[in-house]
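These are my notebook entries on a structure that was new to me, written in the order in which I looked things up.

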Amino acid sequence: MSAIAERVKQIIVEKLGVEESEVTPEANFQNDLGADSLDTVELIMEFEKEFNLSIPDDQAENIGTVGQAVAYLEENVK
Amino acid sequence: MSFKRVVITGMGALTPVGNDVPTFWSNLVAGVSGAAPITRFDAEKFRTRFACEVKGLDVTNYIPRQEARKMDPFTQYAVIAADEAMKDAGFDADTLDLDKAGVIWGSGIGGLKTFEEEVMNFSENGRTPRFNPFFIPKMIVDSASGVLSIRYGFRGPNFITVSACASATNALIDAFNYIKLGLMNVCISGGSEAAVTIAGVGGFNALKALSERNDSPETASRPYDKDRDGFVLGEGGAAIILEELEHAKARGAKIYAEMIGAGMSSDAYHITAPHPEGLGAYIVMKNAIENAGIKPEEIDYINTHGTSTPIGDPQEIKAIEKFFGEHAYDLNISSTKSMTGHLLGGAGAIEAAACIMAIKDQVVPPTINHFTDDPEINPRLKLTFNKAEKRRVNVALSNTFGFGGHNASVVFKKYED
């Protein structure tokens, strides 16, 4: 697992109160991890803070799963 | 249509002198102060560096961390107090009509800490607007009643009353009247506040409202003492379950007391100072006692607003003497704020709980920290200084007055069939 993926997992565990084992690449924030739309907005903000970048709204809309978040961050974090 | 009768069938408390009703009440009767140096933030540069904080509280023992972090402390306090009250009331989840169950809560300020944190973040982050999506729902003052209704599935009337330090009393009054009118069967009422924060302490310091007796926090709240120098900020709250009498009887509920009347008034005088002759205080007690349909002589105990401010304390006493006449010297008076500090919008809730327990146990909790008589306060008054007093408490009156000139009083009576 990449360093980014590990940090993403920790943020999700912390914010959503789920077990690490549930945070699989396929896991959808809302369908699988119990997040509502506000939790998802908060997660995106946490990623922005943690990785010091800004995720535009039209990109954020495409981040619904753990894997999508990791892929976006691996591509955009410098 | 005849009015329904309203009784108290459950209580919960989270206060600076105890995190449940039995501890709260036994400490009030024992005369224990809840004041201590501030731990909520670094108060070193503040004129007042002590407060009456809730102690030894791990919120996650009551609310899962993921839920708790979406609540401001004033809502967490509401949930913890309401959980105790609901358990105490012992409703049967299968038979309770949730459409006729309401939540009417009081808070003077709401999510002050949440507001501070978010605005400070904004300021520290180069004023880039990155607000947390939970900021507004955590901060708004009605979130406490919303959270409680979700928690228990209560679908009846649901709102918050806001009248500064009279807020929780106004909540009790609205709950009382709606049940009296048959609009709901049960209601979680009461109030909570969590203003021991940078802005809360700093703001009240700027008004010169707080005691600055930093060398002796536990003796700082001294209502009616000559050397009182302001109120001591408190936090926490209490939940009171009001229930329609026949509904309570039908399910064999334990009945603490009956709520028999309520009064409201406004000073129409000044935004922070009370009327110097206690005009609003006089009118609110008159309204409450008339509404209760009793004679003033029937009042055995008054839990006063008595915040320990130089101006506020005597005006309420003047109003009591004027309204009750000779009976003012027969009844007992005490300010439990001498122990709990001033819970602002939550004060009316913990003080109603104190009145109800005084009726239940037939004992008046004391006004602690009396050292020196104030020539402005008539020594004939029984202010229950320093020591609780066993006596008949058939009927008790609780007064609360808020910035803005809001006055609200409630009357409780020993329940008789």
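**Entry 1: B:Thr307.** I began with the side chain of B:Thr307, which makes a polar contact with the side chain of B:Thr309 at 3.4 Å; I take a polar contact to be a pair of N or O atoms within 3.5 Å, where within protein one must be able to donate a hydrogen and the other to accept it, and where residues adjacent in sequence count only if both atoms are side-chain atoms. B:Thr307 lies in the loop between strand 9 and helix 11 (312-324) of chain B, where helices (H or I, at least four residues) and strands (E, at least two) are DSSP runs numbered from the N terminus. With a relative accessibility of 8%, B:Thr307 counts as buried, a word I use for under 20% relative accessible area, with exposed for over 50% and partly exposed for what is in between (1.4 Å probe, protein chains only). Leaving out residues up to four places away in sequence, I noted that B:Thr307 touches B:Gly230, B:Phe231, B:Asp313, B:Lys337 and B:His342, contact meaning heavy atoms within 4.5 Å.

**Entry 2: what I am reading.** This is a predicted model, in which local features need pLDDT of at least 70 and side-chain atom pairs count only at pLDDT 80 or more, while totals for chains, interfaces and linings use all residues. Residues are numbered from 1 along each chain as its sequence is written, chains are lettered from A and ligands numbered from 1 in the order in which they are written, and side-chain values use heavy atoms, with hydrogens and water left out.

**Entry 3: B:Ser335.** I next looked up B:Ser335, which is found in the loop between strand 10 (332-334) and helix 12 (337-340) of chain B and is buried, at 0% relative accessibility. The side chain of B:Ser335 reaches the backbone oxygen of B:Gly306 at 2.6 Å. Beyond residues up to four places away in sequence, the contacts of B:Ser335 include B:Pro223, B:Tyr224, B:His305 and B:Pro366.

**Entry 4: where the chains meet.** How many residues does each chain bring to the contact? I found 14 residues from chain A and nine residues from chain B. The buried area, meaning the accessible area (1.4 Å probe) that two parts lose on being put together, summed over both, is about 890 Å² between chain A and chain B, and carbon and sulfur atoms give 45% of that. On the side of chain A, the most area is lost to chain B by A:Leu38, A:Glu42 and A:Met45, which together make up 49% of what that side buries.

I then counted eight residue pairs in polar contact between chain A and chain B (both at pLDDT 80 or more). Helix 1 (3-16) and helix 2 (37-51) of chain A are the elements that give two or more residues to the side of chain A that touches chain B, and helix 2 gives the most, with seven residues. By class, I noted six nonpolar, one polar and seven charged residues on that side; Ala, Val, Leu, Ile, Met, Phe, Trp, Tyr, Cys and Pro count as nonpolar, Asp, Glu, Lys and Arg as charged, and the others, Gly among them, as polar.

**Entry 5: salt bridges.** Across the interface of chain A and chain B there are four salt bridges, each a side-chain nitrogen of Lys or Arg within 4 Å of a carboxyl oxygen of Asp or Glu. One of them pairs A:Glu14 with B:Arg65 (3.5 Å, N to O); A:Glu14 lies in helix 1 of chain A and B:Arg65 in helix 2 (residues 65-68) of chain B, so the pair joins two chains. Both partners are partly exposed, A:Glu14 at 42% and B:Arg65 at 40% relative accessible area.

Another salt bridge joins B:Arg69 and A:Glu42 (3.0 Å, N to O), and this pair crosses from the loop between helix 2 and helix 3 (73-89) of chain B to helix 2 of chain A.

Entry 6: A:Ser37 is found in helix 2 of chain A and is partly exposed, at 48% relative accessible area.
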